[in-house]
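Trainee: Could you take me through one part of this model in detail? I would like to look closely at the aromatic residues and the nonpolar core around them.

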Amino acid sequence: MHDEIIHGNLGSLRGSDMIVYGDNRIALIEKQSTIRHLKPIRVEMLLSVLCLNGNATFILDGKQYEIHKNDMIICHPNSIIEHGGTQSPDIDVRGVCLSQSYLKQLPLLPRNIWNIIISLERTPIAHLADDDVEIFLRYYDLLRFKLQGKHTSNRDEIIDLLTQAVIHEIRDIFAPLVSMQTAKFSSSNMLFTKFIGLLSSSSPCERAVAYYADKLHVSPKYLSAVCKEISGNTASAIISSYVMKEVERLLKMGNMSIKEIANKLNFSSISFFGKYVRKKLGMSPKHYREMLARGEHPKYLCNDDDDL
């Protein structure tokens with residue numbers, strides 16, 4: 001039951017009682033007791049988790065957060081998440097995970113869904129009113145019932161509509177906290193959305209702006225200008241942020257040598273990998289790993305004027 005969406009995403013939870021349903025589109029998470037220590041994992045789906053009781057700390061993309069009763073956390077694709085070390089014994093959560101491929105095939109989502117997901121990097125937590133909690137739980141229970149129930153002729157269509165309804169409810173919940181107004185349709189918005197979709201689905205991330213520009217049939221200069229206009233960051237800076245999240249996760253895990261990490265991320269040599277990390281962080285991968293082991297998080301240098 002816990003197959004494609006779990007593999008490579010929440011693999012460290014495989015076999016646990018947290019995952020109550022999982023297929024190649026959707027996974028549902030529930031927990032009513034102690035959550036074991038979670039090593040850093042790269043979340044390749046859209047993950048929303050609601051805390052119903054208790055509290056817990058966690059680290060998302062290098063920043064520590066604490067959730068309490070009625071708090072909802074949203075993790076966008078390619079987030080790096082790990083346990084923060086503390087939680088109350090009465091922790092109780094409900095979560096919905098949606099694969100990127102499933103998101104892309106849903107027909108009734110906002111045109112700027114990827115823009116919205118990226119904006120959640122700045123504000124990943126919202127405190128829900130009791131009415132919003134009740135609405136989410138009703139959708140959740142119905143979605144679980146349909147996913148685990150018998151296969152009827154319209155089952156998939158019903159699940160799609162329920163999923164879209166959940167996404168729109170969550171969007172309304174986070175609307176006061178982040179800029180989520182529906183973007184006006186334009187070629188620039190469409191190009192940026194496609195770029196983020198390509199970047200989010202690349203594992204490991206391709207580092208050259210030219211790679212994405214070629215896929216999108218535009219020049220690297222034009223792609224970067226569009227990214228700057230819409231997000232405030234160049235294409236290179238956006239790519240670098242995705243790459244460095246994965247670099248941090250792998251260095252923090254500690255089960256791979258620096259050479260193995262360089263190979264996994266498709267760097268041509270350990271020397272080139274070291275140069276890349278030093279340019280982005282001002283230090284070597286070894287020094288960075290030592291700082292992470294001490295619980296320190298060095299400041300990321302936004303060097304986006306080049307394309308290593």
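**Aromatic rings and the core**

Mentor: Gladly! Let's begin with a charge: the charged end of Arg207 sits over the ring of Phe267, 3.6 Å from its centre (CZ of Arg or NZ of Lys within 6 Å of the ring centre and within 35 degrees of the ring normal). Phe267 belongs to one aromatic cluster with Phe272, Phe273 and Tyr276, and the charged end of Arg207 also sits over the ring of Tyr276, 6.0 Å from its centre. This is a predicted model, where local features need pLDDT of at least 70, side-chain atom pairs count only at pLDDT 80 or more, and totals for chains, interfaces and linings use all residues. Residues are numbered from 1 along each chain as its sequence is written, and side-chain values use heavy atoms, leaving out hydrogens and water.

The whole structure holds seven aromatic pairs (ring centres of Phe, Tyr or the six-membered ring of Trp within 6.5 Å; planes under 30 degrees apart are stacked, over 60 edge-to-face, the rest tilted). Phe195 and Tyr212 make an edge-to-face pair, 5.5 Å centre to centre with 90° between the planes. Both Phe195 and Tyr212 are buried (under 20% relative accessible area with a 1.4 Å probe, protein chains only; exposed is over 50%, partly exposed in between).

Phe195 and Phe273 are also among the residues with the most contacts inside the largest nonpolar core, which has 36 residues (buried Ala, Val, Leu, Ile, Met, Phe, Trp, Tyr and Cys joined through side-chain atoms within 4.5 Å). Ile238 is another of those residues; leaving aside neighbours within four places in sequence, Ile238 is in contact (heavy atoms within 4.5 Å) with residues including Phe192, Phe195 and Leu199.
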